[in-house]
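Please look at the sequence and the structure below before reading on. The text then goes through a few parts of the chain in turn.

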Amino acid sequence: MTVAAARCLILTPTISSSSAALRLPRIARRRPLSCSASPLAVFATMDSPPEGYRTNVGICLADPSLTKIFSASRIDIPTAWQMPQGGIDPGEEPRAAAVRELREETGVRSAEIVAEAPNWLTYDFPADVKDKLNARWGTNWKGQAQKWFLFRLTGGDEEINLMGDGSEKPEFSEWAWMTPQQVIEKAVDFKKPVYEETLKHFAPYLQSDPTASS
């Protein structure tokens, strides 16, 4: 399936939370958005992952106050900051994959799912990234189809450990709590459209930063 043939869908929030105390308002359906494309990336939203794309989960980890978002710089590309993400194993449900990837990449176990994006967000790899990753994986993926989850950290910052849980090779060298806009600004160009759409969807669940104007 080409992105040109893909049906663009609107992300409307659905609440999926382990905490009964989190009663969040439904929000009005937005007007349709169009797919966007650039020489660096092709982006679309879909109700199922398209063929030719690696299925993947994205983790938007918010601090306990739901004010700021976790972002980390990659060991291999220090200037590239991103939210945790990872591939879905065969037969694995996206929700289980998100919990696993959060633990593997950040060491965090004390967190709850606040919301889940109902649709898959896809992006194409730039040519150089595509060649590098497919050589590493032994595949021929065009890009990634991601299902995103918003988590709230229920423990303290000391639980965050970039060595992860020890089951996988570490991916990050440093991390910080950032505003949603900072997360987008620091992301590599080909991930920016997905980050913008993800954080737009999760915005109703996040709190404004009281220090943003100071």
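The model is predicted.

Begin with strand β9, which spans residues 120-124. Five of its five residues are buried, so β9 is largely enclosed by the rest of the structure. The side chains of the strand point two ways: Trp 120, Thr 122 and Asp 124 go one way, while Leu 121 and Tyr 123 go the other. Residues on both sides are buried.

Strand β9 is joined to strand β10, residues 143-153, by four bridges. The two strands run antiparallel.

Next comes helix α4, made of residues 192-202. This helix is mostly covered, with eight of its 11 residues buried.

Last, turn to Gln 82, which lies in strand β6, residues 81-82. Is Gln 82 buried or exposed? Its relative accessible area is 4%, and a residue counts as buried under 20%, so Gln 82 is buried. Leaving aside residues up to four places away in sequence, Gln 82 touches Ser 71, Ala 72, Arg 74, Phe 172, Lys 191 and Tyr 195. With Arg 74 there is also a polar contact, side chain to side chain, at 3.3 Å.

Technical notes
Residues are numbered from 1 along each chain as its sequence is written. This is a predicted model: local features need pLDDT of at least 70, side-chain atom pairs count only at pLDDT 80 or more; totals for chains, interfaces and linings use all residues. Side-chain values use heavy atoms; hydrogens and water are left out. Buried means under 20% relative accessible area, exposed over 50%, partly exposed in between (1.4 Å probe, protein chains only). Two strands pair if DSSP finds at least two bridges between them. A polar contact is a pair of N or O atoms within 3.5 Å; within protein, one must be able to donate a hydrogen and the other to accept it, and residues adjacent in sequence count only if both atoms are side-chain atoms. Contact means heavy atoms within 4.5 Å.
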